[in-house]
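Trainee: I am new to this structure. Could we go through its salt bridges together?

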Amino acid sequence: MAKRNHGAQWQAVRLSAYRRDLKKQAVCWICGQPIDYQAKPGSPDAWEPDHVKPVSKFPELELSLSNIAPSHCSCNRSRGDGSGADKIGRTTRQW
């Protein structure tokens, strides 16, 4: 697994992604449901940046804002390195 860059560059990209997603009130790209942008980081419905193309396979895209999509913390962590995305599924309509 690729080593994640948790330095100043990553924090700047993460903040940019958060601001972009908050402004749009973007939904989770994995499940399609609303994200609680006020939730405590790490809680299941909280916003978390997800690398669409996993860093483990595409380390050169780690700091690329275009490779980061909004997700729930729980959806992102269930997805892992991308191999679990097909197991989560997508919603067909808002409930």
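Trainee: Why is Arg79 called buried?

Mentor: Buried means under 20% relative accessible area, exposed over 50%, partly exposed in between (1.4 Å probe, protein chains only). Arg79 has 5%, so it counts as buried. A caution: this is a predicted model, where local features need pLDDT of at least 70, side-chain atom pairs count only at pLDDT 80 or more, and totals for chains, interfaces and linings use all residues. Residues are numbered from 1 along each chain as its sequence is written, and side-chain values use heavy atoms, leaving out hydrogens and water.

Trainee: What makes Asp50 and Arg79 a salt bridge?

Mentor: A salt bridge needs a side-chain nitrogen of Lys or Arg within 4 Å of a carboxyl oxygen of Asp or Glu. Here N to O is 2.8 Å, so the pair qualifies. Asp50 lies in strand 1 and Arg79 in helix 2, so the pair ties together parts 29 residues apart in sequence. Helices (H or I, at least four residues) and strands (E, at least two) are DSSP runs, numbered from the N terminus.

Trainee: How many salt bridges does the structure hold?

Mentor: It holds 3. One of them joins the side chains of Glu48 and Arg77, at 2.8 Å, N to O. Glu48 is in strand 1 (residues 47-51) and Arg77 in helix 2 (residues 73-79).

Trainee: Why is Arg77 called exposed?

Mentor: Its relative accessibility is 57%, which passes the cut-off, so Arg77 is exposed. Glu48, at 10%, is buried.

Trainee: What about Arg20, buried or partly exposed?

Mentor: Arg20 has 23%, so it is partly exposed. Its salt-bridge partner is Asp21, which is buried at 2%.
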